[in-house]
Amino acid sequence: MSEIKQDKQPKLQPQGSQQQQQQQKKKFESPKREAILDLAKYKDCQVRAKLMGGRLVVGVLKGYDQLMNLVLDEAIEYMKDSNDEVSKDKTRSLGFTVIRGNILASISPMEGSEIIYMQTSD
């Protein structure tokens, strides 16, 4: 039986290509970005979340992340009526829920703001 010995020493690359690889790494590594919106001051406060598609959810903000995923407790969804308007009479209790950040249109605190219902003249 013959044994084949392999050279296990790492192959050296020219210094220029090593620098290029390091520059490419730096190119894709970006510094951590700070959050656009600081939701820490609204934690454990009631917030209103408007979602894509026109849904409206109100609940107590329990958590969030940098992708704007929200965790709401005691969440209530305000249902739309036949005229495709949000009705304050029709609600659905959601309880403890997670809202994904990619469907979040806007978020606002309930304290110091109120829902304005548009009245149409007949």
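**A chat about the predicted model**

Modeller: Before we start, this is a predicted model, and the protein's accessible surface comes to about 10,800 Å², with 48% of that belonging to carbon and sulfur atoms.

Colleague: OK, and how many helices and strands are there in the protein?

Modeller: The protein has 1 helix and 5 strands, and from the N terminus on the elements run α-β-β-β-β-β.

Colleague: What share of the residues counts as buried?

Modeller: Of the 122 residues, 19% count as buried, and among contacts between residues at least 6 apart in sequence, 44% join residues at least 24 apart.

Colleague: Which residues make up the largest nonpolar core?

Modeller: That core has 12 residues in all, namely L39, V47, A49, L51, V57, L61, L70, L72, A75, I99, L104 and I107, and at least two of its residues come from each of β1 (46–51), β2 (56–64), β3 (70–80) and β5 (104–109).

Colleague: Take I99 from that list; which residues is I99 in contact with, leaving aside its neighbours within four places in sequence?

Modeller: With those neighbours set aside, I99 is in contact with A49, L51, V57, M68, N69, L70 and L72.

Colleague: Switching to T97, where does that one lie, and is T97 buried or exposed?

Modeller: T97 lies in strand β4, which covers residues 86–99, and T97 counts as buried because its relative accessibility is 19%, whereas the cut-off for buried is under 20%.

Colleague: And what does T97 touch, not counting residues up to four places away in sequence?

Modeller: On that count T97 touches L70, V71, L72 and A75; L70, L72 and A75 are also among the residues of the largest nonpolar core.

Technical notes: Residues numbered from 1 in each chain as written. Predicted model: local features only at pLDDT ≥ 70, side-chain atom pairs only at ≥ 80, totals over all residues. Heavy atoms only, no water. Helix = DSSP H or I, 4+ residues; strand = E, 2+ residues; numbered from the N terminus. Buried < 20%, exposed > 50% of the residue type's maximum accessible area, 1.4 Å probe, protein only. Contact = heavy atoms within 4.5 Å. Areas by Shrake-Rupley, 256 points an atom, 1.4 Å probe, with all protein chains shown as cover. Core = buried A, V, L, I, M, F, W, Y, C linked by side-chain atoms within 4.5 Å.
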